[in-house]
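Here's a quick briefing to read alongside the coordinates. Have a look at the fold first, then come back for the rundown.

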Amino acid sequence: MVLALQSLGGIAEARFPKPDFTSGYQYPDIFHGVPYEQLWNILDIILLVGMMGAVVWAAYKKRSRAVIYSTSIISVLYFGFFRSGCVCSVGSIQNVILALADPTYHLPWYVLLIFILPILFALLFGRVFCSGVCPLGALQELINVRNFRLSRAVSATLSLIPWIYLAFTIIYAATRSQFLICRFDPFVGIFRLGGDMGMIGFGIALLILSLFIGRPFCQFLCPYGALLSVFSALSWKKLEITKKDCINCALCDKSCPVDAIRQPQQSKAKETRSAGVKRIILFAVLLPVFTFLGAVLLGQNSDALSRAHKDVYLYELLMEQQAHPDIEEPLEVETFNALGGNVEELKEKVDDIQHQYSLYAHLAGALIGFVIGFKLLKLSLKRSRKTYEIDSARCTMCGKCFNYCPQNLKK
Amino acid sequence: MDRRDFLRTCGSLLAGGAILATGGLLTTKSKGKSGDVFWQIDPFACTQCGRCETDCVLPVSAVKCFHANKVCGYCDLCGGYYRPSVKDLNTAAENLMCPTGAITRKFVEEPYFEYTIDESLCNGCGKCVKGCTSFGNGSLFLQIQQDLCQQCNECKIARVCPSDAIKRVSYDEAYKLKDHA
């Protein structure tokens with residue numbers, strides 16, 4: 001054991017001299033395979049852009065679901081099963097956050113493209129990526145048969161989850177603690193036909209749910225979808241259900257799997273202009289308050305959050321070990337001691353990490369507070385509509401409403 | 001242009017600006033480097049804790065034992081081949097270190113033996129590596145076999161590695177071999 005501990009230092013000292021062979025022995029050549037990763041990455045990007053282009057063409061020009069359905073199948077097969085799901089745009093959020101927070105991390109070019117291209121397309125045409133390019137969305141889309149609607153209140157509350165998820169992702173990715181989205185990816189295990197059983201179970205449960213509710217993951221969990229919805233709401237082109245006049249038959253609304261079609265509404269009791277303005281000013285004042293409150297609330301808990309970081313966890317294990325020396329040493333503590341780790345140095349590191357945690361927890365809290373405040377502000381804005389319209393923030397461009405609209409079928 | 005359109009245009013411009021700014025910033029940051037792509041073990045930091053075998057997402061870990069022949073002493077009594085308390089130097093399973101029989105050896109000349117790893121049998125447990133590093137030259141070491149690795153965005157083993165030996169490397173340095181060190 002003593003010998004083992006000494007050698008843990010990592011210096012490969014030659015205990016035995018190099019043999020001098022007399023029989024003309026040659027060292028064998030050993031080749032270690034490296035996949036043609038760069039080639040595959042180029043193909044990934046080409047397919048990503050090509051499929052997004054196809055969806056744009058299918059949705060805006062051809063107005064057909066068939067093309068979008070086929071890209072979904074290609075996406076599940078290629079990006080899902082063949083490329084085994086990594087790295088995906090959803091997960092690339094974390095690489096980007098890490099690259100912004102930590103200058104020692106070198107973001108590969110294709111990860112940057114995988115992150116930024118769908119956002120660019122969202123700003124131009126809406127959530128094209130969600131439609132039939134993202135393998136996670138496509139998988140749920142392909143097996144969806146019925147749409148049971150959740151009430152607006154429930155779905156509005158649930159749609160806060162992606163933002164909260166995104167906020168925590170920022171904290172954990174920026175501090176190099178863990179990649180939350182990858183760890184809790186419910187579908188990667190299905191694509192790889194193996195992996196963490198808990199997450200596969202969760203994925204299967206989500207798939208069963210998506211038989212009856214359109215895209216539960218995209219609607220209520222996906223942080224990248226939340227990000228895209230912002231850009232999609234501001235998009236340059238907006239999708240229309242029909243180019244002809246809407247006859248308010250409500251068929252499109254019934255066909256929409258993600259509840260992205262807004263019904264015509266007329267405010268019944270017209271409120272006076274001054275009351276409306278007052279309410280909006282109130283919420284506009286409340287928005288910074290919410291943001292501030294969120295920052296303070298989450299920021300105060302940053303030390304508890306920081307336990308997710310390896311070094312902080314190790315430090316806590318060490319402290320516990322010192323308090324109760326009779327319990328068995330965990331592997332982390334054993335390795336730390338064997339490598340001759342310095343507790344003071346670790347403490348300094350931990351303080352630094354907790355300092356970072358405090359910063360990012362405040363930022364993430366502010367984000368959560370802002371989103372809650374903004375959603376409230378939006379709820380208070382009641383617009384009157386005469387016809388059925390697509391809510392471009394929610395629309396995932398599946399194209400189902402095209403075929404349901406009787407005006408589209410008319411020659 | 002009414003108020004709504006004006007606000008929307010402002011929002012779109014802001015969003016477009018954000019994309020450009022983020023994209024530009026990140027491009028300058030990742031310029032000139034091929035980026036941190038593959039996961040790889042630093043053999044000099046590895047402590048052979050055994051988690052590579054148990055924590056990989058694959059059913060059989062992508063971590064394999066590599067052998068640097070140029071570092072090897074070609075000993076008969078090999079710390080990576082035989083268990084420490086071995087009585088007879090024969091290939092009976094109770095004498096051998098490798099639980100899957102992935103290490104074979106071939107007699108070269110007196111008193112040298114050449115050791116070879118059958119990667120299809122290796123499960124990355126690192127028992128032989130521990131033996132070799134403790135009692136030998138340290139020519140056996142663990143590496144992530146890039147052909148097998150799924151290139152997860154976050155390596156599951158890296159998250160639990162007690163010595164932080166698993167780091168991202170670029171295309172050009174997909175392996176950290178001991179022969180070249």
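What share of the contacts in chain A with a separation of 6 or more comes from residues 24 or more positions apart? That share is 83%. Keep in mind that we're looking at a predicted model.

**Overall build**
- Chain A is made up of 22 helices and two strands.
- Its C-alpha trace spans about 90 × 60 × 35 Å along the principal axes.
- Out of 411 residues in chain A, 40% count as buried.

**Nonpolar cores**
- The largest nonpolar core takes in 132 residues, and those with the most contacts inside it include A:Val55, A:Phe129, A:Ile170, A:Ile171 and A:Ala364.
- Helix α5 (residues 109-125) of chain A supplies the largest share of this core, with 10 residues.
- If you skip neighbours within four places in sequence, A:Ala364 is in contact with A:Ala167, A:Phe168, A:Ile170, A:Ile171 and A:Leu298.
- There's also a second, separate core of six residues, among them A:Val312, A:Leu314, A:Tyr315 and A:Val350.

**Domains and their contact**
- Where they touch, domain 1 of chain A brings 13 residues and domain 2 of chain A brings 15 residues.
- On the domain 1 side, helix α9 (residues 161-174) of chain A gives the largest share, eight residues.
- By type, that domain 1 side has 10 nonpolar residues, three polar and no charged.

How values were computed
Residues numbered from 1 in each chain as written. Chains lettered and ligands numbered in written order. Predicted model: local features only at pLDDT ≥ 70, side-chain atom pairs only at ≥ 80, totals over all residues. Helix = DSSP H or I, 4+ residues; strand = E, 2+ residues; numbered from the N terminus. Buried ≥ 20, exposed ≤ 12 C-beta atoms within 10 Å, placed from the backbone. Contact = placed C-beta atoms within 7 Å. Core = buried A, V, L, I, M, F, W, Y, C linked by C-beta atoms within 7 Å. Nonpolar A, V, L, I, M, F, W, Y, C, P; charged D, E, K, R; others polar.
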